[in-house]
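Please look at the sequence and the structure together before reading on. The report below is meant to be followed with both in view.

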Amino acid sequence: MTAATMIKPKHQRLVLLAIALVVLVAAGLLAAWALRNQASYFYVPTDIATDPPEPGRAVRLGGMVEKGSLRQEGDGVTIAFVVGDGKARVPVRFKGIAPSLFVEGSGVVAEGRMNAGGTFIADNLLAKHDENYVPRELKDMNEHQAKQVVAETQ
Amino acid sequence: MTAEFGLVALWLAAALAALQLIAGALPLTGRGGELAGLVRPAAAVQGLLCAVSFAALVVLFCQTDLSVKLVAANSHSAKPFIYKLAGTWGNHEGSMLLWVTVMGLSGAFVALVERRLPERTMLATLAGQAFVSLGFYAFLLMSSNPFERLAQPKVEGNGLNPLLQDIGLAFHPPTLYLGYVGLSVAFSFAIGALITREVGPAFARAMRPWVLGAWIFLTLGITAGSYWAYYELGWGGWWFWDPVENASLMPWLAATALLHSVSVLAARNALRAWTIMLGVVAFSMSMVGTFLVRSGVLTSVHAFAVDPERGTFILALLAINIGGALMLFALRAGTVTEGERFAVTSREGALVFNNVMLSAILGIVLFGTLYPLLAEALGARVSVGPPYFNPMGALFVVPMLVVMAVGPLLRWRRDRIGRIRHELIAIAGLVGIAAIGLAAWSGIGLLPFIGLALAGALAVASLMPLRGRRLLRTPLATWGMVLAHFGIAIALFGMASESAFSVEKLVAAKVGETTQVGPWAIRLDGVQPVAGPNWTAIEAPLSASYRGGSAVVLHPQARSFWQPPQQTAESALLTRWNGQLYVVLGEEADDGRWQLRLWWKPFAPLIWLGGVLIALGGLLALLGRVIADLRRIAAREKIAYRRERQGR
């Protein structure tokens with residue numbers, strides 16, 4: 001290519017702009033498509049009971065750890081418990097080191113997926129960290145639940 | 001008194017920022033030209049006052065002055081001194097004061113050192129810096145005053161979040177902020193150049209060291225933050241796509257693109273409007289990050305406190321600064337004349353490709369980070385994690401890395417692929433050999449496979465620009481580029497290897513029991529209580545032996561802090577040349593066994609070594625540029641001096 005065949009500066013700028021725009025729009029569309037498929041939705045046990053996510057899809061489950069439901073399995077590192085929201089209950093299994101503030105009767109957000117048998121297999125448990133850090137879902141849920149409890153007892 | 005002293009200094013600094021804005025902006029309109037002389041001194045004194053104010057807060061924290069609300073809420077007298085000191089920025093108000101201080105000091109540094117910009121551009125730049133600073137002063141003084149007193153001093157403070165009580169707190173936030181907020185200089189330069197329409201190679205040469213400096217700190221800050229999260233959280237991962245990590249990654253992506261486009265502008269007088277745009281975008285991303293972190297709109301371990309008022313305030317600042325800058329860009333970009341032409345196959349062409357890819361990655365990360373907010377507005381609760389970020393990022397990272405290997409071999413302006421065919425064949429051959437070698441291993445995921453196959457070839461390709469050159473004569477800036485690109489290859493190898501070859505074991509072990517993880521045999525020697533200055537802990541000495549070699553003892557702990565009452569797991573690490581052993585102690589199982597989580601992570605430390613090499617590359621390039629500039633100035637003075645003597 002000789003200098004004469006190189007495009008004019010103005011055209012070069014337009015071509016560069018067009019390429020950048022096409023790539024960025026393509027990236028945006030791809031991202032939107034991927035997000036629809038890959039975002040992990042938040043469920044409470046009632047949602048799981050009425051409209052369960054397909055098994056294997058990454059979701060998050062939030063609710064209260066039911067009193068008396070927590071037990072440890074023979075391997076010493078797997079725990080099973082039930083998460084409830086007052087209306088529905090979901091059995092959960094977690095293999096790993098549970099966060100230290102994870103106790104019965106407190107709120108928890110579990111990241112993981114449902115298996116075919118209707119048990120939630122958690123990869124990660126988020127419990128209340130300290131007074132400054134509460135998973136947002138947990139905080140909102142507690143307020144919501146508090147309102148429900150008030151409504152039920154009146 | 002110290003608190004009041006600090007507050008007064010902060011107010012004075014804000015007043016000086018106002019003066020700096022007026023004195024910088026008025027002369028540009030043709031009035032008040034005599035004010036122009038005040039701009040540089042105002043910037044310098046403002047930086048000094050910020051530093052004084054920040055020092056006052058540090059003193060308050062070191063003394064644990066419990067009559068100050070912030071200290072009482074976040075410190076404790078029994079805390080070790082280093083955490084009292086570093087705790088200054090381990091909270092919302094303190095970290096915002098650090099932000100403003102870095103911004104003030106950057107402005108002062110520019111005002112004192114930068115002599116190459118035309119005077120009018122300099123005035124506009126410093127006025128821009130003052131404008132942005134003023135917004136953050138207002139935020140600090142109106143809604144986040146760090147010096148607020150309590151009517152009744154507390155008897156004891158609430159203490160610092162134990163996760164932050166680590167030496168990482170002393171390094172990571174200040175380094176990150178120097179980069180994050182240092183980018184404000186690039187932003188102000190871009191604004192200044194837009195206002196005076198003086199965009200060209202001379203401008204780019206003046207801007208480049210400032211971008212480089214901020215980028216070096218940003219790289220180091222992210223690297224340090226990643227390593228800190230890796231060993232402190234005890235989850236075994238080094239990057240979680242947490243909104244706050246993304247908030248530091250986005251400015252880094254924009255700054256990396258800016259760094260390369262500013263080089264094109266300096267060397268070849270092309271990519272003029274694009275460079276200005278990136279200057280605006282880079283610091284805008286820092287501000288978006290601050291909004292995400294400080295407003296508490298997203299769930300994150302970094303969200304100190306959720307306060308809607310603060311969120312609204314930062315959002316308004318964001319809208320004014322970013323909106324204003326983009327508006328200015330839209331109005332003026334058309335008047336920035338086109339740069340020099342170049343062919344597709346050229347150094348410029350490769351750098352444009354790299355810039356577009358970096359921008360696309362930035363878009364992917366930004367979109368994924370903000371998506372939960374968008375979805376929430378539509379009534380859905382979602383979170384976005386690695387299943388989105390990893391493949392989507394790789395889609396653009398891989399082509400970018402391939403071009404990164406080839407780009408530095410191309411000539412400026414116009415080149416032929418045929419000229420570098422031997423190099424290309426060598427690079428492709430290395431990728432092929434690595435891919436065939438790796439295919440023997442089963443069970444490697446697609447992304448780690450690509451990463452490993454590329455890393456070796458990238459490392460070799462990154463050294464190719466040195467081929468045929470006399471190494472001692474090669475400019476420092478070239479060495480810097482080579483080292484930084486080599487660092488990328490090293491980090492990529494570490495990431496891919498960690499992902500492909502990590503072995504994990506989760507067991508409940510009896511005392512005296514031995515567990516095998518990868519090549520390691522690990523014996524639980526016992527469990528014993530230990531005590532620290534503000535915590536007690538259970539410690540499990542573990543004897544680890546590599547392929548039957550002599551045992552090394554590790555000491556992971558489960559710590560209980562008493563103020564605030566909280567438990568943390570202190571992981572223990574053992575680093576060898578070929579990887580890292582990572583152990584975490586969990587809880588006691590029902591039958592008296594102890595939960596242990598063990599990882600063997602081959603070549604994982606290369607991730608952070610690569611990060612450090614990238615930053616070192618930046619430092620070499622910066623040194624090279626500064627030395628060359630100083631030499632040029634010295635030579636010019638010499639010539640002037642000779643002429644003067646000859647004239648006599």
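## Confidence in chain A

Chain A has an average pLDDT of 80, and 77% of its residues score at least 70. Within chain A, the highest confidence belongs to strand S5 (residues 89-95), at 94, whereas the lowest is found in helix H3 (residues 136-153), at a mean of 53.

Over residues 149-154 of chain A the pLDDT stays under 50, and for these residues the model has zero contacts beyond four places in sequence. Where pLDDT is low, the predicted coordinates should not be read in detail.

## The make-up of chain A

Chain A contains three helices and seven strands, and their order along the sequence is α-β-α-β-β-β-β-β-β-α. Of its 154 residues, 32% count as buried. Among the contacts in chain A with a separation of 6 or more, 49% come from residues 24 or more positions apart.

## Where the two chains touch

How many residues of chain B are in contact with chain A? There are 45 of them, and they are in contact with 39 residues of chain A. On the side of chain B that touches chain A, at least two residues each are supplied by H12, strand S1 (382-383), H13, strand S2 (503-509), strand S10 (565-570), strand S12 (579-588) and strand S13 (594-602) of chain B. H12(B) gives the most to this side, with ten residues.

## Helix H13 of chain B

Helix H13 of chain B runs over residues 386-406, which makes 21 residues, and it reaches 29 Å from its first C-alpha to its last, close to the 30 Å expected at 1.5 Å a residue. H13(B) also bends by about 35 degrees at Ala394(B).

The buried residues of H13(B) are Tyr388(B), Phe389(B), Met392(B), Phe396(B), Val397(B), Leu401(B), Met404(B) and Ala405(B). What covers these buried residues includes helix H1 (9-38) of chain A, together with helix H12 (347-377), helix H14 (421-439), helix H15 (446-463) and helix H16 (476-501) of chain B.

## A four-stranded sheet in chain B

Strands of a sheet pair through backbone hydrogen bonds, either parallel or antiparallel. In chain B, four strands form an open sheet in the order S3-S4-S7-S8, and their pairing is antiparallel. Strand S3 (514-517) and strand S8 (552-554) of chain B are the edge strands, each of which pairs on one side only. On average, and with direction ignored, neighbouring strands of this sheet are turned by 30 degrees against each other.

S3(B) and strand S4 (residues 520-524) of chain B pair in the antiparallel sense over four bridges. In this pairing Thr514(B) stands opposite Arg523(B) in S4(B), and Val517(B) stands opposite Trp520(B) in S4(B). The two strands S3(B) and S4(B) form a hairpin with two residues between them, and in the turn Gly518(B) has a positive phi of about 60 degrees.

Is Phe313(B) buried or exposed? Phe313(B), which is found in helix H11 (residues 308-332) of chain B, is buried because 21 other C-beta atoms lie within 10 Å, and the cut-off for a buried residue is 20 or more. Leaving aside its neighbours within four places in sequence, Phe313(B) is in contact with Phe139(B) and Ser143(B). Phe313(B) and Ser144(B) are 169 residues apart in sequence, yet in space they are 11 Å apart, C-alpha to C-alpha.

Arg547(B) is found in the loop between strand S7 (542-546) and S8 of chain B, and it has a positive phi of about 45 degrees although it is not a glycine. Arg547(B) counts as exposed because it has 8 C-beta neighbours inside 10 Å, where the cut-off for an exposed residue is 12 or fewer.

Phe603(B) lies in the loop between S13 and helix H17 (606-647) of chain B. Phe603(B) has a positive phi of about 60 degrees although it is not a glycine. With 24 C-beta neighbours inside 10 Å, Phe603(B) counts as buried.

Key
Residues are numbered from 1 along each chain as its sequence is written. Chains are lettered from A and ligands numbered from 1 in the order in which they are written. This is a predicted model: local features need pLDDT of at least 70, side-chain atom pairs count only at pLDDT 80 or more; totals for chains, interfaces and linings use all residues. Two strands pair if DSSP finds at least two bridges between them. Axes are lines fitted to C-alpha atoms, for helices over the stretch in contact, and angles run from 0 to 180 degrees between N-to-C directions. The expected span of a helix is 1.5 Å times one less than its number of residues. The bend at a residue is the angle between axes fitted to the seven residues ending there and the seven starting there. Two residues are in contact if their C-beta atoms, placed from the backbone, lie within 7 Å. pLDDT is the predictor's confidence in each residue, from 0 to 100.
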